[in-house]
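Here is a short briefing for a first look at a protein. Start with the sequence and structure below, then read on.

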Amino acid sequence: MITRNEIIALSDTWYAAREAALDKALAEAAAPFVGRRFKQVLVLGSKKAGTWGEYTIEAEVVRGSTGWENEMTLVGSYIHPITGTPSTTEVTVDEFPNLVEDGATTQE
């Protein structure tokens, strides 16, 4: 008879294999985009400090990832325009049409 612990172990194995396969597929799918850049408007800052607003950032794709609802995203690295620290942002396929096109002006 199959035990509860065996079912749990099988489930754990299956989830680990699924995650590994998904990670591999995401890496392969994102590979042509790694190193490329995209622009995105982000709302950043603090109202109290007077830095609140829309900032156009330019991010370099560093990897693929899964978003909140398991959609594919590209993770981009950029320098935060207020703090000057390295940060990351994600963009989904649905958000690609909303990215800032080359030549657009920064809305700071």
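The protein has an accessible surface of about 7900 Å², computed by the Shrake-Rupley method with a 1.4 Å probe, and for residues only the protein chains shown count as cover. Carbon and sulfur atoms hold 54% of that surface. This is a predicted model, in which local features need pLDDT of at least 70, side-chain atom pairs count only at pLDDT 80 or more, and totals for chains, interfaces and linings use all residues. Residues are numbered from 1 along each chain as its sequence is written, and side-chain values use heavy atoms, with hydrogens and water left out.

**Confidence**
- The mean pLDDT (the predictor's confidence in each residue, from 0 to 100) is 85.
- A pLDDT of 70 or more is reached by 91% of the residues.
- Over residues 104–108, pLDDT stays under 50.
- For that stretch the model has seven contacts beyond four places in sequence; contact means heavy atoms within 4.5 Å.
- Where pLDDT is low, predicted coordinates should not be read in detail.

**Fold and overall form**
- Along the sequence, the order is α-β-β-β-β.
- The radius of gyration is 19 Å, whereas a compact globule of 108 residues would have one near 13 Å.
- That radius is taken over C-alpha atoms, and the globule rule is 2.2 Å times the number of residues to the power 0.38.
- Along the principal axes, the C-alpha atoms fill a box of roughly 65 × 35 × 25 Å.

**Burial and contacts**
- Of the 108 residues, 25% count as buried. Buried means under 20% relative accessible area, exposed over 50%, and partly exposed in between (1.4 Å probe, protein chains only).
- Among contacts with a separation of 6 or more, 40% come from residues 24 or more positions apart.

**Charge**
- There are 9 positive and 16 negative side chains. Lys and Arg count as positive, Asp and Glu as negative; His and the chain ends are not counted.
- The centres of the two sets lie 5 Å apart, with each charge placed at NZ of Lys, CZ of Arg, CG of Asp or CD of Glu.

- Arg63 sits in strand E2 (residues 53–66).
- Arg63 is partly exposed, because its relative accessibility is 43%.
- Arg63 touches Ala30, Val34, Thr73, Leu74 and Val75, leaving aside residues up to four places away in sequence.
- Glu90 belongs to strand E4 (residues 86–92).
- Glu90 has a relative accessible area of 35%, so Glu90 is partly exposed.

How values were computed: Helix = DSSP H or I, 4+ residues; strand = E, 2+ residues; numbered from the N terminus.
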